Amino acid sequence: ALHAAAALPSPSSALSVSASAAAAASDALDYPLLVGVSRKSFLGAAVGVELPPQERAWATAAACAASVPHADILRVHDVSQMRHVAAVADAIHRGGGAPPASTDNR
């Protein structure tokens, strides 16, 4: 199992490490990559917004969209909303191709 933990000096460092780790792990490992950025405080702090976790859905959506090219699994709290965010991001990343097959159209 791959685990990475470090004391990060700033929100921008957390964003940089998250993006770099996702890209490197995606390219180097033969395992599915799970990304869990849902409601994380560093997402809002990176743009100077301090809100309670349940009010950071916009930040989670942005992080999920950015993770789509590398992540195999997204761990989120607001599943119904983020499912659609991930589907749109995936379609954009694939250049507007057909959506992946799904049995759940909520």
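Contact here means heavy atoms within 4.5 Å, and helices (H or I, at least four residues) and strands (E, at least two) are DSSP runs numbered from the N terminus. The model is predicted, so local features need pLDDT of at least 70 and side-chain atom pairs count only at pLDDT 80 or more, while totals for chains, interfaces and linings use all residues. Residues are numbered from 1 along each chain as its sequence is written, and side-chain values use heavy atoms, with hydrogens and water left out.

**Exercise 1.** Determine which residues of helix 3 and helix 4 meet.

*Solution.* From helix 3, the residues in contact are Ala 57, Thr 60, Ala 61, Cys 64 and Ala 65, and they meet Gln 81, Met 82, Val 85 and Ala 89 of helix 4. Sorted by class, this contact holds seven nonpolar, two polar and no charged residues, where Ala, Val, Leu, Ile, Met, Phe, Trp, Tyr, Cys and Pro count as nonpolar, Asp, Glu, Lys and Arg as charged, and the others, Gly among them, as polar.

**Exercise 2.** Identify what covers the buried residues of helix 3.

*Solution.* The buried residues are Ala 59, Thr 60, Ala 61, Ala 63, Cys 64 and Ser 67, and their cover includes strand 1 (34-35), helix 2 (41-45), strand 2 (73-74) and helix 4 (79-93).

Methods. Buried means under 20% relative accessible area, exposed over 50%, partly exposed in between (1.4 Å probe, protein chains only).
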